[in-house]
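This report looks at one helix and its surroundings, and then at the charged side chains that pair up. The sequence and structure come first.

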Amino acid sequence: MVSTLLTPCGRARQAVAGDRGARGGTAPTRILDLGHPRVRSAVRSIGPAPRTGEGPAATVAALRRAHRWISAEVRPVYSVEEARPVSQVLRRGRGSCSQRIAVLEAVARAWGVPSRVRGLVVDGTFWYPRFPRLKWLVPDQVVLAWPEFRIEGLSEDDHATAPWLPVSELFDEASEPRGRTGGFTNAGPETLFEALSRTSVDWDGATACPASDGSCDLSAYLLTDLGRFDSRDELFARYGQTLCAPARLLAEPVLGRRAAGF
């Protein structure tokens, strides 16, 4: 009952029939404030943008480089302010998985790579391993903005959503080793953001998981697919953040500094 009261009232999180036709874009938004000096500085630190004509592999490689930089420079915490501007996340040097993914989106847009998000409503039980003694405080539903990047020249034979590349497929067929094996279980020090670089994160049950470990298939936790949106700003404006404003106000001072995974 308590976890239900933590979520925004009057927000029916149900999918809208038909294709939303989200085109995404490269323009700044309130959250993806890529024109801010702090964001521009981060983009320079990550390195050169992929050059036009180099092909999809170069764009994907640049996004992987950005992911690695964010993993190293932005410490993972349990922040609940999902609409926090990217410039503020960088100033703090810490952020939730949602906030760190937003940094990746901002970098992509700064490079001229369009992004959009898929709105996913995920069962709160997915986060129970993180809070074994506080399960009753975990929201019943978590709204997740799952980004996609428009990669010109991406092969439809390799990616069903081409030319859009979901962030979960960013490291598919990566030349560098992925490290330890096994799917993502949402337990231990590894976060969802870090897991992207070493294992499949599949919300649709479409990935052929190893017979010995099916935990890369997370489709059982997906309650609702809200469709695609031009930006995470649009998603949160329509369906709200995971927690209501009073709950965020009370939780953020504590969770916003608590290291994720511990």
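## Helix α5 and what follows

Gly112 comes after α5 and has a positive phi, near 90°. The model is a predicted one, and the backbone angle of Gly112 is computed from it.

Helix α5 itself covers residues 97–110, which makes 14 residues. From the first C-alpha of α5 to its last is 20 Å, close to the 20 Å expected at 1.5 Å a residue. Of the 14 residues of α5, twelve are buried, so the helix is largely enclosed by the rest of the structure. Buried here means under 20% relative accessible area.

## Salt bridges: the Asp204–Arg118 pair

How many salt bridges does the count come to? The count is eleven salt bridges. One of the pairs is Asp204 with Arg118, with 2.6 Å between the closest N and O atoms. Asp204 sits in the loop between α6 (192–195) and β6 (222–229), while Arg118 belongs to strand β3 (residues 115–123), so this bridge ties together parts that are 86 residues apart in sequence.

Arg118, at 9% relative accessibility, counts as buried, because the cut-off for buried is under 20%.

Glu148 forms a salt bridge with Arg228, and their closest N and O atoms are 2.9 Å apart. This pair also links distant parts of the chain: Glu148 is in strand β4 (residues 141–150) and Arg228 is in strand β6, 80 residues apart.

Is Glu148 buried or exposed? Glu148 is buried, with a relative accessible area of 2%. Arg228, at 25% relative accessibility, counts as partly exposed. Arg116 joins Glu148 and Arg228 in one network, built from salt bridges that share partners.

## The Glu190–Arg198 pair

Another salt bridge brings together the side chains of Glu190 and Arg198, at 2.6 Å from N to O. Both Glu190 and Arg198 are buried.

Methods
Residues numbered from 1 in each chain as written. Predicted model: local features only at pLDDT ≥ 70, side-chain atom pairs only at ≥ 80, totals over all residues. Heavy atoms only, no water. Salt bridge = Lys/Arg side-chain N within 4 Å of Asp/Glu carboxyl O. Helix = DSSP H or I, 4+ residues; strand = E, 2+ residues; numbered from the N terminus. Buried < 20%, exposed > 50% of the residue type's maximum accessible area, 1.4 Å probe, protein only. Expected span 1.5 Å × (residues − 1).
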